[in-house]
Amino acid sequence: MLGLSPSPGQTRGQALRELLVDAVEHLRPASGVPFDDPAWCAYRIMRQRYIEVQTLEVICRELGISRTTFYRYHKDALDALAYI
């Protein structure tokens with residue numbers, strides 16, 4: 001369904017991971033967007049959670065946000081990834 005085409009020597013799992021990393025990177029705000037913009041928070045949550053594999057507690061502490069805020073940004077970012 002995702003149209004995965006693994007490169008020679010690459011597994012379907014590796015191809016899926018590469019696709020997901022690329023999708024998360026599409027969420028990265030443009031260079032002119034201020035770092036305190038909410039778009040950065042959504043991107044950083046997705047990057048730290050799914051690429052850097054950090055726990056919810058670590059992410060909340062590093063970003064200085066509550067669990068409720070984490071889940072709100074996480075949902076928005078998942079919606080954006082699904083759209084991509």
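**Figure 1. Leu56, Glu57, Ile59 and Cys60 of helix α3 meet Arg67, Phe70 and Tyr71 of helix α4.** Five of the residues in this contact are nonpolar, none is polar and two are charged (nonpolar: Ala, Val, Leu, Ile, Met, Phe, Trp, Tyr, Cys and Pro; charged: Asp, Glu, Lys and Arg; polar: the others, Gly among them). The model is predicted: local features require pLDDT of at least 70 and side-chain atom pairs pLDDT 80 or more, whereas totals for chains, interfaces and linings use all residues. Residues are numbered from 1 along each chain as its sequence is written, and side-chain values use heavy atoms, with hydrogens and water left out. Helix α3 spans residues 56-63 and helix α4 residues 67-83 (helices are DSSP runs of H or I, at least four residues, numbered from the N terminus). Their axes come within 10 Å and cross at roughly 100° (lines fitted to C-alpha atoms over the stretch in contact; angles run from 0 to 180 degrees between N-to-C directions). Helices α3 and α4 are therefore roughly perpendicular to each other (65 to 115 degrees).

Figure 2. The position of Leu56 is within helix α3, and burial here follows the relative accessible area (buried under 20%, exposed over 50%, partly exposed in between; 1.4 Å probe, protein chains only). Once residues up to four places away in sequence are set aside, Leu56 touches Arg49, Arg67, Phe70 and Tyr71 (contact: heavy atoms within 4.5 Å). Pro8 lies 48 residues from Leu56 in sequence, and the C-alpha atoms of these two residues are 35 Å apart in space.

**Figure 3. The axes of α2 and α4 come within 9 Å and cross at roughly 85°.** Helices α2 and α4 are therefore roughly perpendicular to each other. On the α2 side, the contact is formed by Pro38, Cys41, Ala42, Ile45, Met46, Arg49 and Tyr50; on the α4 side, Phe70, Tyr73, His74, Ala77, Leu78 and Leu81 take part. Divided by class, the contact of α2 with α4 has eleven nonpolar residues, one polar residue and one charged residue.

**Figure 4. The largest nonpolar core comprises 19 residues.** Ile45, Ile65 and Phe70 have the most contacts inside this core (a core is a set of buried Ala, Val, Leu, Ile, Met, Phe, Trp, Tyr and Cys joined through side-chain atoms within 4.5 Å). At least two core residues are supplied by each of α1 (12-26), α2 (38-51), α3 and α4. Helix α2 contributes the largest share, seven residues. Apart from its neighbours within four places in sequence, Ile45 is in contact with Ile59, Leu63, Ile65, Phe70, Tyr73 and His74.

**Figure 5. Three aromatic pairs are found in a search of the whole structure.** The rings of Phe35 and Trp40 have their centres 5.1 Å apart and their planes at 50°, so this pair is tilted (Phe, Tyr and Trp rings, the six-membered ring for Trp, pair with centres within 6.5 Å; planes under 30 degrees apart are stacked, over 60 edge-to-face and the rest tilted). Phe35 is exposed, with a relative accessible area of 54%, whereas Trp40 is buried, with 9%. Phe70 and Tyr71 form an edge-to-face pair, at 5.3 Å centre to centre and 85° between the planes. Phe70 is buried at 2% relative accessibility, while Tyr71 is partly exposed at 47%. Phe35, Trp40 and Tyr43 belong to one aromatic cluster.

**Figure 6. Gln48 of helix α2 is buried, at 5% relative accessibility.** Not counting residues up to four places away in sequence, Gln48 touches Val53, Gln54, Ile59, Glu62 and Leu63. Gln48 and Ile59 stand eleven residues apart along the chain, and 6.8 Å separates their C-alpha atoms.

**Figure 7. Val53 has a positive phi of about 55°, although it is not a glycine.** This residue is located in the loop between α2 and α3. Val53 is exposed, with a relative accessible area of 64%, and Gln48 is among the residues in contact with Val53.

How values were computed. Parallel < 35°, antiparallel > 145°, perpendicular 65-115°, else oblique.
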